[in-house]
Amino acid sequence: MFKNILLTSFILLLLSNFIYAQISPGDLTKAHADLEGMSNCTKCHELGEKVYNSKCLDCHTEIKALINAGRGYHSGSEVKGKECYSCHSEHHGRNFRIINFNPDNFNHSKTGFNLEGVHQKKECKDCHQSKFISDSKLKKRSSTYLGLDTKCASCHEDVHQTTLGNNCGSCHNNNSFKPVTSFDHNKAAFKLSGSHEKVECSKCHLSEKRNGKDFVKFKGTSFATCASCHKDPHQGKFGSNCQSCHSTVSFQQINTGSFDHNKTSFPLAGRHTRVKCDNCHKEGLTKKIKHENCFDCHEDYHKGAFVLNDKTKDCKECHTETGFSPSLFGYDNHQKAAFALTGMHMAVPCINCHRKDEEPWKFRQIGLKCIDCHQNIHRTELAAEYLSNNDCSSCHSVDAWHTIKFDHNKTDFKLLGKHSEATCADCHNKKGETKTVTIFSSIKSNCEFCHTDIHFGQFKVGETSDCSNCHTFDNWKPEKFDHEKTRFSLKGAHEKLKCIQCHKVESYETSLFVKFKMEDFKCASCHS
């Protein structure tokens, strides 16, 4: 009997192994190794049916929680609605990679949390750490990419200690914690205006210690009155409503809507309306100051130039509050002075004569002659006979500097022919290395000083060529040239020849010229 029972058990054992081998397609992975055996099949499989997601999620509750919350990779459009086994297939052996996940090329946006700003530069391990996981079960795992929350405070310390809520993105961005580019102070209870816009945050929001840590107080700052932050320099003399005189644009800018200076003994006019109060009220706004004359406040800019009979003439005789310039001292006044304005002098600004080279203004004894204001630009180029005592009026007039009345025929070079049509600059302006200079005495009367010798010295006698032997001042044609006065007289058929037939064009260096000076007059030189 015992032998039969033992045999039956042995047969059943052999049959069970055979049946399991026929049912199971292969070994489970290491992660599911504890589910091996026929008695465990129904933990994942429904008899006769497929593997349902509900079976997987009964064990993988952390995934189920994310799906129910609509968060994470498994809630995305790429995974939602798919069967678990389509990605996580089993029965391929112990070492099969059931989670086929490569963090190096994973698109993080599929998790519902886009990597932006500095997050893009982080490595996976920088964020996926157990210290950032709140779930105690996941926290114990040696390696997982689950369990992180999308809230900033899950990874970053809340330096505001929950006083400003948990929506960090309302003020900060993913590029840097500072500056706080998204925060708009005008949406707060205290709107910034004027100079307040330029004040650093730390000037109003002071740092303190809270819960043993550095803390900047943003909420709860008192701002009911100006005195909450500012000391009253008037010590209450003008009440507590600072805005009745001041604005946030500048403390020094008095609110003219409430303080009317025209009701005082010194109404403000012109540029005085733009002067800062403390420029005049140096010892306080309530202390009276002397203001009968301009020089009570203003220094005598002219250093006594207008002191007559030991009495200084007040500025208002020439100037007004609208501006120091232009002066009231006009054309009619100047015509009564020692130097009457005529010609172009009437268009010259006062500063050109009365304030040279940034020196102080001068009005008395600044000179009456041209040389007192104008430099003799000709220096030694004009002989004394043409510029006696540097008197420019011998050639120029005050109507226009370029209008010249010089008689050239008084010189040794009279202007004849084409020379009479030339401008002064054509002959007297010469280009130097850095600028054009005007010359007179340096000009020589020989033609080559102004004109290029196109004959290349063929007619030079000594150091110069006398062009007048052939040419006149009327044109460049050699009207005075007589071939019969040369060593080769033109007679007979030679008279009918053109000059170029005998006088050929030759080259010299990079230039071409007609050769007129012939060395050989033999017939064979021209006729073969």
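**Exercise 1.** Classify Glu-123 as buried, partly exposed or exposed, and identify the salt bridge that its side chain forms.

*Solution.* Begin with the accessibility classes, in which buried means under 20% relative accessible area, exposed means over 50%, and partly exposed lies in between (1.4 Å probe, protein chains only). Glu-123 has a relative accessible area of 48%, so the residue is partly exposed. Next, recall that a salt bridge places a side-chain nitrogen of Lys or Arg within 4 Å of a carboxyl oxygen of Asp or Glu. The side chain of Glu-123 meets that of Lys-125 in such a bridge, at 3.7 Å from N to O. Lys-125, at 57% relative accessibility, counts as exposed.

Before going on, note that this is a predicted model, in which local features need pLDDT of at least 70 and side-chain atom pairs count only at pLDDT 80 or more, while totals for chains, interfaces and linings use all residues. Residues are numbered from 1 along each chain as its sequence is written, and side-chain values use heavy atoms, with hydrogens and water left out.

**Exercise 2.** State how many salt bridges the structure holds, and explain what the pair Lys-50 and Glu-83 ties together.

*Solution.* The structure holds 11 salt bridges. One of them joins the side chains of Lys-50 and Glu-83, with 3.0 Å from N to O. Lys-50 lies in the loop between α1 (2–23) and α2 (53–59), and Glu-83 in the loop between α3 (61–68) and α4 (124–127), so the pair ties together parts that are 33 residues apart in sequence. Helices here are DSSP runs of H or I with at least four residues, and strands are runs of E with at least two, numbered from the N terminus. Lys-50 is partly exposed at 38% relative accessibility, and Glu-83 is likewise partly exposed, at 25%.

**Exercise 3.** Locate His-160, decide whether the residue is buried or exposed, and list its contacts beyond its sequence neighbours.

*Solution.* His-160 sits in the loop between α5 (136–139) and α6 (201–204). Its relative accessibility is 17%, so His-160 counts as buried. With neighbours within four places in sequence set aside, His-160 is in contact (heavy atoms within 4.5 Å) with His-172, Phe-215 and Phe-218.

**Exercise 4.** Describe how β3 and β4 pair.

*Solution.* Two strands pair if DSSP finds at least two bridges between them. Strand β3 (residues 246–247) and strand β4 (residues 250–254) run antiparallel and are joined by two bridges. Ser-247 has Ser-250 as its bridge partner in β4, and a hairpin of two residues connects β3 to β4.
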